[in-house]
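Have the model open beside you as you read.

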Amino acid sequence: MVDKIREIEEVNQFILELPEDIQNITATLRNIILNSSPELKEEFKWSMPNYSYNGLVCYIQTAKKHVNLGFHRGNVLQDKDVNKLLQGTGKALRYIRLKKMEEVQPEAFTTLIQEAMRLNEK
């Protein structure tokens with residue numbers, strides 16, 4: 001279970017103000033991220049939740065009809081994406097777009113988050 005001490009108030013408020021379906025996906029992603037490692041630090045930057053460990057690791061970006069689980073170094077992470085979940089063609093950022101709860105894949109997401117943390121150890 002998630003260590004509530006690591007959850008910050010700005011993110012609690014952010015989630016509470018979202019539409020219910022988007023709120024459920026966002027809260028689930030947050031739990032997956034925080035459960036991925038006790039070393040991840042929750043922050044609220046650029047108007048969205050961000051998670052860091054030796055630098056930025058991932059973020060949750062919400063929209064009206066979807067939620068993105070994004071990775072700051074997703075371009076490097078793509079080699080480790082065995083399920084081919086990552087989307088995007090930006091210089092570094094990659095994301096997984098979720099439109100409904102059924103699309104959440106806790107094990108696959110946890111693996112990607114942990115791989116993203118390893119990138120920051122180098």
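## Sheet, helices and a cavity

Helix α1 lies across β1, β2 and β3 and runs at about 65° to β1. Helix α2 also packs on the sheet, where it touches β1, β2, β3, β4 and β5, and its direction makes about 170° with that of β3. Contact here means heavy atoms within 4.5 Å, and angles run from 0 to 180 degrees between N-to-C directions, with axes fitted to C-alpha atoms. Helices (H or I, at least four residues) and strands (E, at least two) are DSSP runs, numbered from the N terminus.

Please keep in mind that this is a predicted model: local features need pLDDT of at least 70, side-chain atom pairs count only at pLDDT 80 or more, and totals for chains, interfaces and linings use all residues. Residues are numbered from 1 along each chain as its sequence is written, and side-chain values use heavy atoms, leaving out hydrogens and water.

The sheet itself is open, with five strands in the order β1-β2-β3-β4-β5 and antiparallel pairing. Its edge strands, β1 (41-45) and β5 (94-98), each pair on one side only. On average, neighbouring strands are turned by 20° against each other, direction ignored.

| Pair | Bridges | Example partners |
|---|---|---|
| β2 and β3 | three | Tyr51 and Cys58 |
| β3 and β4 | five | Cys58 and Phe71 |

Four residues link β3 to β4 in another hairpin.

How do the helices α1 and α2 pack? Their axes are 9 Å apart at an angle of about 150°, so the two are roughly antiparallel (the cut-off is over 145 degrees). Val11, Asn12, Ile15 and Leu16 of α1 meet Gln23, Thr26, Ala27 and Arg30 of α2.

Finally, there is one cavity of 30 Å³ or more, meaning a set of points on a 1 Å grid over the protein atoms alone where a 1.4 Å probe fits but cannot get out; lining residues have an atom within 4 Å of a point.

Technical notes:
1 Å grid on protein atoms, 1.4 Å probe; cavity = no way out; pocket = protein on both sides within 12 Å on 5 of 7 lines; lining within 4 Å. Points joined across faces, edges and corners; volume = space filled by probe spheres on them. Pairing = 2+ DSSP bridges. Parallel < 35°, antiparallel > 145°, perpendicular 65-115°, else oblique.
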